[in-house]
Amino acid sequence: MQLNHEELRRAYRTMRLIRDFEERLHLEFATGEIPGFVHLYAGEEASAVGVCMHLTDKDSIASTHRGHGHCIAKGCDTDAMMKEIYGRKEGLCGGKGGSMHIADLSKGMLGANGIVGGGPPLICGAALTAKVLQTGGVAVAFYGDGASNQGTTLESLNLAKVWDLPAIFVCEDNGYAESTSSSYAVAGSQIERARGFGIPAEEVDGFDFFAVHDAARTAIERARAGGGPSMIHVRLSRYYGHFEGDGMTYRGAGEVEALRAKEDCLKRFRTRVTEAALLPAAELDEIDRAAADQIESAVQNAKKAKPPTEADLLTDAYVAY
Ligand SMILES: Cc1ncc(C[n+]2csc(CCOP(=O)(O)OP(=O)(O)O)c2C)c(N)n1
């Protein structure tokens, strides 16, 4: 383990913030106050944080429809994110995008994305820019096991290899594509598929922050050094339905409760760092309290904030660059 005290605190704080953000959204969505669709990332936190801990604002990520965790891990402001999800004018995207389109280019967060398999081509563009301009940056695509079957993903793996791009493909395999088990939906192994394109690939336990962090370090260092693309197959699971409101009839009775009791990246992290005397439990408790306060104020601020006005409707329709 190569993380210092402050980095360990940051890893735990970010995973805790994501968990609290999602748990709270689960409650708030049920009140009917949040417009649109919401897909929760709870259970998958170690993936976003284990990868994004290695990135700076000059590195880009592309996310998915399940994007809140990626946004928080990449440094997006939780107040502005919550306002965006509530459709408020002060939201990160003016309240016009909502949960599935949160972006913050100043943080290198290219956006959540309602198009399954939409992220991998975007990061090929970002990685090509980094390579041509020699910025030293890398680009990371998070995508699901369902998205791994999309032609856009396979073409992006191919392109990244042919052009030797500083690109990292992170397949977050939570076992389902909507209600279809990935054992039915996905043909062959993710690892063999990436290696078929000549891309180094590694499988990691997505409930183990340290395993993800190690695999991401190898891949990102390789990309920064000009060694080209890599793929990481992260095995994890989600604690909620595909979307909020999903009755989850396709999951066995008690499956989620059993999963939560057995696999939790936050509990594992806590056990590991307290047993190794790297962080005392009291410090972790204090981080928990601060995260709870931060999310509480994000929700209260979002509820109080105003929606966009009629005059805002036609702004941001086109982007000049
Ligand atoms: C191009 C496209 N096809 C289909 C859909 C409908 N859809 C939304 S999410 C989803 C499943 C995605 O599964 P996966 O990539 O494994 O991500 P997960 O939801 O498990 O995080 C599908 C098929 C879509 N949004 N875009």
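Helix H11 (residues 265–275) and helix H12 (residues 281–304) pack at about 145 degrees, with 10 Å between their axes. Axes here are lines fitted to C-alpha atoms over the stretch in contact, and angles run from 0 to 180 degrees between N-to-C directions. On the H11 side, Arg 270, Val 273 and Thr 274 make the contact, meeting Ala 281, Leu 284, Asp 285 and Asp 288 of H12; contact means heavy atoms within 4.5 Å. By class, three residues are nonpolar, one is polar and three are charged.

A word on the basis: this is a predicted model, where local features need pLDDT of at least 70, side-chain atom pairs count only at pLDDT 80 or more, and totals for chains, interfaces and linings use all residues. Residues are numbered from 1 along each chain as its sequence is written, and side-chain values use heavy atoms, leaving out hydrogens and water.

Now for two residues in other helices (DSSP runs of H or I, at least four residues, numbered from the N terminus).

| Residue | Helix |
|---|---|
| Arg 193 | H8 (residues 190–196) |
| Val 162 | H6 (residues 151–162) |

Arg 193 is buried without a salt bridge, and Glu 192, the nearest side chain of opposite charge, is 8.6 Å away. Buried means under 20% relative accessible area and exposed over 50%, with a 1.4 Å probe and protein chains only; a salt bridge needs a side-chain nitrogen of Lys or Arg within 4 Å of a carboxyl oxygen of Asp or Glu. Leaving aside residues up to four places away in sequence, Arg 193 touches Ser 148, Asn 149, Leu 154, Val 186 and Ala 187.

Val 162 is exposed, because its relative accessible area is 59%.

Key: Lys and Arg count as positive and Asp and Glu as negative; His and the chain ends are not counted. Ala, Val, Leu, Ile, Met, Phe, Trp, Tyr, Cys and Pro count as nonpolar, Asp, Glu, Lys and Arg as charged, and the others, Gly among them, as polar.
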